Amino acid sequence: MIFSAFGDAVTQLGDRRFIWVVLKSVMITMIALALTTLGIQWLIPDTLTLPWFGEVPWAGWILNRAVIVAMMAGSVFLMIPIASIVVGFFLEEVADAVEDVHYSQDQAKNPIGLWAGFVEGTQFLAILLLVNIAALIPYLIAAPFGLTPLVFVLVNGILLGREYAQLVAMRHVGRQGAKAFRARNRGTIWLAGVLMAIPLLVPVLNLVIPVLGVATYTHLFHRLQQTETFVTR
């Protein structure tokens, strides 16, 4: 079911609404990364004074270039918080596009407005940052064994799955109903979150994942609901 939902999300990437959201997501991502880089560079003085060496006029220039390289390398990890904000802004557009094509008889009863989506995304961002800071020790422990990406995917798979499932389900069954939905389908939601987290490690491809994530979980919500209805009958 997870791979089928993800496959259907990928096949809809040609939808004009998907393309427009992807373009806006890329723009936001580029601006966020650029502003973060410029902000860090602004804090670096042109001339540094180092112990034993005194003033080193070229040290600031080197650090500024190093910041650019570090931001490019760290963009993989920065994509997780950026993805959370993007989802909050564009959830409705992507979910509506999926439901118009595949679930026209089951439209959202409780659409999440732009402001509510932004608040949810910001709250998720805070949780995500705190969890990843707490996971620094496991990341460091896993580093000598080359397992840091695995830990990254497992940790953030849980978080992404929780957020995507919560927001998508809230549109149909409200906040409490969404929590119950997550509790009933915890395993599927986590595995799908892991699937979403893996491409976030790949530059460029990670720019599309917020959109594919919302689309995938929209499919999962409807299919899991249909399965539950069939079983109860």
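This is a predicted model: local features need pLDDT of at least 70, side-chain atom pairs count only at pLDDT 80 or more; totals for chains, interfaces and linings use all residues.
Residues are numbered from 1 along each chain as its sequence is written, and side-chain values use heavy atoms, with hydrogens and water left out.

Let's start with helix H1 (residues 2-11) and helix H7 (residues 186-197), whose axes come within 10 Å and cross at roughly 45°. Helices here are DSSP runs of H or I with at least four residues, numbered from the N terminus. The axes are lines fitted to C-alpha atoms over the stretch in contact, with angles running from 0 to 180 degrees between N-to-C directions. H1 and H7 are therefore oblique to each other; that label is for whatever is left once you take out roughly parallel (under 35 degrees), roughly antiparallel (over 145) and roughly perpendicular (65 to 115). The crossing of H1 and H7 is right-handed, meaning that the near helix is turned clockwise from the far one by less than a right angle.

Who does the touching? On the H1 side the contact is made by Ile2, Phe3 and Phe6, and on the H7 side by Thr188, Leu191, Ala192, Leu195 and Met196. Contact means heavy atoms within 4.5 Å. Sorted by class, the contact of H1 with H7 has seven nonpolar residues, one polar and no charged ones. Nonpolar covers Ala, Val, Leu, Ile, Met, Phe, Trp, Tyr, Cys and Pro, charged covers Asp, Glu, Lys and Arg, and the others, Gly among them, are polar.

Staying in H7, look at isoleucine 189. Its relative accessibility is 6%, so isoleucine 189 counts as buried; the cut-offs are under 20% relative accessible area for buried, over 50% for exposed and in between for partly exposed, with a 1.4 Å probe and protein chains only. Isoleucine 189 and isoleucine 2 sit 187 residues apart in sequence but 8.8 Å apart in space, C-alpha to C-alpha. Leaving aside residues up to four places away in sequence, isoleucine 189 touches Gly161, Arg162, Ala165, Phe181, Arg182 and Tyr217.

Next comes the loop between H1 and helix H2 (16-43), where you'll find leucine 13. At 26% relative accessibility, leucine 13 counts as partly exposed. With residues up to four places away not counted, leucine 13 touches Phe18, Ile19, Val208 and Leu212.

Finally, asparagine 156 is in helix H6 (residues 148-184) and, at 0% relative accessibility, counts as buried.

Technical notes: Helices (H or I, at least four residues) and strands (E, at least two) are DSSP runs, numbered from the N terminus.
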